[in-house]
Amino acid sequence: MSTPVTFINVIDVDPSRQQELIDLLVEGTEKVVSRRPGFVSVTLLASLDRTRVVNVARWESTDDVKATQSDPEAAEYARRTAAIAQASPGLYTVVGEFTA
């Protein structure tokens with residue numbers, strides 16, 4: 001059985017381009033990522049100082065993430081993101097979760 005994973009991408013961006021980056025990530029999520037096998041959810045967070053956007057994507061497995069990353073359409077969105085911002089992606093597993 002596969003283990004769910006969380007893909008977290010902290011993306012540094014010039015404050016003047018933060019909204020452009022957000023729009024690009026929304027478009028890529030709606031048109032490509034959300035339609036891929038194993039997709040669970042995406043949460044986008046924008047820093048209040050406008051210098052970062054954090055993309056938190058939950059997937060059913062690491063294999064689903066890798067398959068999406070090698071998809072030409074998804075790779076094109078990654079290329080477009082890299083043209084306007086600096087990304088620091090990584091895969092994580094949940095080791096603790098707390099709610100009120």
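Arg50 is partly exposed, with a relative accessible area of 36%, where buried means under 20% relative accessible area, exposed over 50% and partly exposed in between (1.4 Å probe, protein chains only). This residue lies in the loop between β2 (39–46) and β3; helices (H or I, at least four residues) and strands (E, at least two) are DSSP runs, numbered from the N terminus. The phi angle of Arg50 is near 70°, a positive value in a residue other than glycine. Most residues other than glycine have a negative phi. The model is predicted, so that local features need pLDDT of at least 70 and side-chain atom pairs count only at pLDDT 80 or more, whereas totals for chains, interfaces and linings use all residues. Residues are numbered from 1 along each chain as its sequence is written, and side-chain values use heavy atoms, with hydrogens and water left out.

The protein chain contains three helices and four strands, arranged from the N terminus on in the order β-α-β-β-α-α-β. Its radius of gyration is 14 Å, close to the 13 Å that the globule rule gives for 100 residues, so the chain is as compact as a globular protein of that length. The radius of gyration is taken over C-alpha atoms, and the globule rule is 2.2 Å times the number of residues to the power 0.38. Along the principal axes, the C-alpha atoms fill a box of roughly 45 × 40 × 20 Å. Of the 100 residues, 33% count as buried. Contact means heavy atoms within 4.5 Å; among contacts in the protein chain with a separation of 6 or more, 76% involve residues 24 or more positions apart.

The chain carries 10 positive and 14 negative side chains, and the centres of the two sets lie 2 Å apart. In this count Lys and Arg are positive and Asp and Glu negative, while His and the chain ends are not counted; the place of a charge is taken as NZ of Lys, CZ of Arg, CG of Asp or CD of Glu.

A nonpolar core is a set of buried Ala, Val, Leu, Ile, Met, Phe, Trp, Tyr and Cys residues joined through side-chain atoms within 4.5 Å. The largest such core has 12 residues, namely Ile11, Val13, Leu21, Ile22, Leu24, Leu25, Val32, Val53, Ala74, Tyr77, Ile84 and Ala85. At least two residues of this core are supplied by each of β1 (5–13), α1 (18–31) and α3 (72–84), and the largest share, four residues, comes from α1. Apart from this core lies another, of six residues, among them Val5, Val33, Ala57 and Val65.

Leu25, a member of the largest core, is in contact with Ile11, Leu44, Val53, Asn55 and Thr81 when its neighbours within four places in sequence are left aside. Thr81 belongs to helix α3 and, at 8% relative accessibility, counts as buried. With neighbours within four places again left aside, Thr81 is in contact with Ile11, Leu21, Leu24 and Leu25. Asn55 is found in strand β3 (residues 52–59) and counts as buried at 10% relative accessibility. Not counting residues up to four places away in sequence, Asn55 touches Phe7, Ile8, Asn9, Leu25, Val42, Thr43 and Leu44.

Asp71 occupies the loop between α2 (62–70) and α3 and is buried, with a relative accessible area of 15%. Beyond residues up to four places away in sequence, Asp71 touches Val32 and Arg36. The C-alpha atoms of Asp71 and Ser34, 37 residues apart along the chain, are separated by 13 Å.

Pro4 is placed in the segment before β1 and counts as exposed at 57% relative accessibility. The C-alpha atoms of Pro4 and Tyr92 are separated by 9.2 Å, although these residues are 88 residues apart along the chain. Not counting residues up to four places away in sequence, Pro4 touches Trp59, Glu60 and Thr93.
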